[in-house]
Amino acid sequence: MLSIGWRNMKRDRLRMAVAVCGVVFAVVLVTMEVGMLLGLVESSSLLIDGSRADLWVSTVDVKTFDFASPFEERKKYLLQSVPGVEKVEEFNVSYSVWKLPTGGNANCQVVGLDTRGTLAARLPLVAGRLEDLRNQDAVIIDEGERAKLGNPRIGDCVEIINQKARVVGFTRGMHSFTTTPYIFAELNRAQKYGWVTRQSKANGARMSIYFLVKVAPGYDREQVRRAIEANVPDVEAHTREGFSWRTRKYWLLETGVGLGFLAAALLGLIVGGVIVSQTLYAMTVEKLPEFGVLKAMGASMGELARVVLEQGLACGAIGWVVGLAISVALGAAAGSAGTAVLIPWALVVAVGVLTAILCTGASLVSIVRLRRLEPAAVFRT
Amino acid sequence: MSEAMIELHRLGKRYESAAHSDGSWAVRGVTLTVFAGEVTVLMGPSGSGKTTLLTMIGGLLEPTEGFLSVCGVTLDDGSEPDRQRFRREKIGFVFQSCNLLQALTAEENVAVGLALRGEDPGQAQRLLEQVGLGAKGEALPEELSGGQRQRVAIARALAGSPPVLLADEPTAALDAEQGRLVMGLLRRRAKTCGTAVLVVTHDPRVRDLSDRVIEMEDGRLRRIVRRMRKPGLLPSRRLDGRATGSRKEVRHVSA
């Protein structure tokens with residue numbers, strides 16, 4: 001049969017616009033919520049995924065990258081003695097407090113890395129050089145976090161828990177899941193800037209948070225991981241992917257953050273679905289005499305359902321394209337404001353499938369109404 | 001003798017009613033035969049059961065009692081898909097308010113009828129030409145006059161050449177000239193293609209273009225008037241109620 005549904009939509013542009021708005025609302029909400037969630041999840045394991053270490057070693061039962069406990073630095077030598085371990089580098093993360101020019105404080109996370117090492121994630125610098133971190137009191141911050149830290153410029157002197165620091169560079173896109181800014185510093189300086197590492201040092205023994213391990217060529221990574229756990233007491237060794245997933249899983253599932261985002265996305269789907277459903281239903285009711293004629297002429301329910309589905313899917317297709325365009329623009333705006341929104345192709349396709357399901361579901365109410373339509377009623381209109 | 005296309009024997013339709021314990025009979029005891037090539041007009045006051053009878057013949061409503069056969073098909077135990085197929089293959093409908101699909105052009109409206117009957121939608125233009133609207137194929141229903149819309153509806157009903165054409169008040173909203181055109185089309189179809197045409201109407205002007213007039217009252221047939229035309233005589237161009245070139249044979253039907 002001809003594309004009656006599409007013609008109906010084209011003719012009733014106001015209703016089509018309302019239905020498309022419903023789809024756009026749902027698409028934008030779902031895409032943005034899931035995109036933000038993906039962005040946050042990615043940021044939660046950014047420093048793990050970007051590292052070139054085969055294994056990450058921490059204290060036992062660390063739930064997430066951000067909340068690890070310190071252990072004695074001397075365990076590094078035990079690690080180096082495990083067969084299959086080629087290289088070990090220290091890597092520290094510790095919460096701290098950054099003094100703002102206004103006199104207030106901002107929480108931050110000090111990341112201590114070995115500037116001569118090769119296993120930590122490369123910093124995407126937009127100003128300064130990694131070697132500059134070797135200078136006295138040098139720190140690097142992310143340009144997207146400057147506002148939170150009182151807008152410091154290169155060369156500005158700042159204070160981190162009563163210790164002098166100087167900004168020597170900016171990274172781009174290095175945001176933490178907890179929204180506290182990362183402050184990158186050389187290992188020794190990070191020891192005095194971080195709460196945990198500083199306190200531990202004050203007790204006499206130098207403490208570390210993580211060790212990054214490179215597995216020697218010819219050795220199986222999983223075997224080396226098990227050997228570390230067997231030979232070094234009170235530590236847990238993770239593969240890079242395993243630790244990344246553990247961190248993501250913690251934020252997504254154990255904190256309820258993921259469920260919150262997904263609930264908001266679901267709400268968008270429901271509201272959008274109701275708008276589309278009501279609009280299609282109003283169109284169907286208005287055209288009941290025409291559907292009655294088709295039924296009287298012998299059109300099957302399948303053929304009538306096709307007309308309604310065509311209307312719904314036409315709105316869905318337009319709403320999907322418009323909604324994605326809006327989402328991409330919003331995502332770019334959010335990204336420049338420091339909030340990562342990821343819209344991978346898989347999300348684009350998934351939202352398309354969801355939109356098709358949404359519009360098909362929204363059409364069902366109309367189809368049920370048509371099922372009850374008596375073709376004989378056409379003689380009474 | 002022409003082939004019997006519609007055969008009814010003691011046909012009845014009863015609706016459930018709170019006021020009457022045995023329900024309310026819309027049609028009762030109707031016995032009638034309509035032949036191929038015959039134009040039969042069903043007249044009577046409102047509520048006399050004309051439209052109910054038409055919908056039963058069209059397979060849109062199930063009779064409560066009696067026998068109904070259209071083109072040799074009885075739908076006593078027919079499922080809905082059987083009825084759909086029956087309507088597609090055997091019946092062409094023309095409605096009082098045309099009920100064209102407003103979003104489609106005249107040609108597309110006719111093409112829908114063809115597509116439903118499994119015919120080539122490309123024949124739509126030819127059917128429009130048959131009803132004198134060859135130049136209006138691209139027009140939307142709102143751009144057509146009432147008479148033109150009804151002629152498009154007839155073209156749609158003729159799609160696939162159904163052997164039975166059922167028309168409900170096809171001239172009610174039309175002026176005399178347009179009404180004559182529409183009835184002329186239906187009559188020509190009956191005479192040239194052997195289609196059985198059954199028209200429900202209140203319009204007395206339609207009588208002269210029919211072969212038979214059946215009057216109904218309270219759900220029953222009251223009178224059948226057979227109009228016998230002189231051979232070769234064309235229908236009158238006037239639809240003012242005065243018969244021209246024909247004589248009548250009246251038969252009263254006992255209740």
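In what order do the four strands of the open sheet in chain B lie? This is a predicted model, in which local features need pLDDT of at least 70 and side-chain atom pairs count only at pLDDT 80 or more, while totals for chains, interfaces and linings use all residues. Residues are numbered from 1 along each chain as its sequence is written, chains are lettered from A in the order in which they are written, and side-chain values use heavy atoms, with hydrogens and water left out.

**View 1. The open sheet of chain B.** The four strands follow the order E2-E1-E4-E5, with antiparallel pairing (two strands pair if DSSP finds at least two bridges between them; strands are DSSP runs of at least two residues, and helices, H or I, of at least four, numbered from the N terminus). Strand E2 (24-35) and strand E5 (73-74) of chain B are the edge strands, each pairing on one side only. Five bridges join E1(B) (residues 4-15) to E4(B) (residues 65-70), and His9(B) stands opposite Phe67(B) in E4(B).

View 2. Ile91(B), found in strand E6 (residues 91-94) of chain B, counts as buried at 0% relative accessibility (buried means under 20% relative accessible area, with a 1.4 Å probe and protein chains only). Not counting residues up to four places away in sequence, Ile91(B) touches residues including Ile57(B), Phe86(B) and Pro162(B), where contact means heavy atoms within 4.5 Å. The C-alpha atoms of Ile91(B) and Ile57(B) are separated by 9.1 Å, although the two are 34 residues apart along the chain.

Notes:
Buried < 20%, exposed > 50% of the residue type's maximum accessible area, 1.4 Å probe, protein only.
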